[in-house]
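Please look at the sequence and the model shown here, and keep both in view while you read.

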Amino acid sequence: MWSRFIVEAEIKNFTVHDLRRTAGSLLLKHKGNLKAVQKFLGHKDIATTARVYTPILNDDLRKDLNEAF
């Protein structure tokens, strides 16, 4: 079903794992809690979560600082 959808929608370079990453990113942006994302995604090691999702925290922090000044 997924493959058929991707073909019919003419979507390129997209996987189910992309949805997982999107869910993790949205959770992090909403809660700001890397540990919550780790648990949600089932990562055993926080370093795995941090490697992928820390840039999101850094971008949000940079945006907040720019808005403050």
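This is a predicted model: local features need pLDDT of at least 70, side-chain atom pairs count only at pLDDT 80 or more; totals for chains, interfaces and linings use all residues.

Residues are numbered from 1 along each chain as its sequence is written, and side-chain values use heavy atoms, with hydrogens and water left out. Helices (H or I, at least four residues) and strands (E, at least two) are DSSP runs, numbered from the N terminus.

We can begin with the loop between helix H1 (2–9) and H2, where Lys12 lies. Lys12 has a relative accessible area of 65% and is therefore exposed, given that exposed means over 50% relative accessible area, buried under 20% and partly exposed in between (1.4 Å probe, protein chains only). Glu10 is placed in that loop between H1 and H2, and at 64% relative accessibility Glu10 counts as exposed. Asn13 is also found in the loop between H1 and H2, and with a relative accessible area of 79% Asn13 is exposed. The backbone deserves a look here: Glu10 is not a glycine, although its phi is positive at about 55°, and Asn13, a residue other than glycine, has a positive phi near 55°. From Lys12 to Leu28, 16 residues apart along the chain, the C-alpha atoms are separated by 26 Å.

Turn now to the helices. The axes of helix H2 (residues 16–31) and helix H4 (residues 46–68) come within 10 Å and cross at roughly 40°, where axes are lines fitted to C-alpha atoms, for helices over the stretch in contact, and angles run from 0 to 180 degrees between N-to-C directions. H2 is therefore oblique to H4, since angles under 35 degrees count as roughly parallel, over 145 as roughly antiparallel, 65 to 115 as roughly perpendicular and the rest as oblique. On the H2 side, Arg20, Arg21, Gly24, Ser25, Leu28 and Lys29 meet Val52, Tyr53, Ile56, Leu57 and Asp60 in H4, where contact means heavy atoms within 4.5 Å. The residues of this contact of H2 with H4 comprise five nonpolar, two polar and four charged; Ala, Val, Leu, Ile, Met, Phe, Trp, Tyr, Cys and Pro count as nonpolar, Asp, Glu, Lys and Arg as charged, and the others, Gly among them, as polar.

Helix H3 (residues 34–41) also packs with H4, at an angle of about 115° and with the axes 9 Å apart, so H3 is roughly perpendicular to H4. Here Leu34, Lys35, Val37, Gln38 and Leu41 in H3 meet Ile46, Thr49, Ala50, Tyr53 and Thr54 in H4, and the residues of this contact divide into six nonpolar, three polar and one charged.

Which side chain makes a polar contact with the side chain of Thr49? It is that of His43, at 2.6 Å, where a polar contact is a pair of N or O atoms within 3.5 Å; within protein, one must be able to donate a hydrogen and the other to accept it, and residues adjacent in sequence count only if both atoms are side-chain atoms. Thr49 is in helix H4 and counts as buried at 0% relative accessibility, while His43 lies in the loop between H3 and H4 and counts as buried at 18%. Not counting residues up to four places away in sequence, His43 touches Arg20, Gln38, Thr48, Thr49 and Tyr53.
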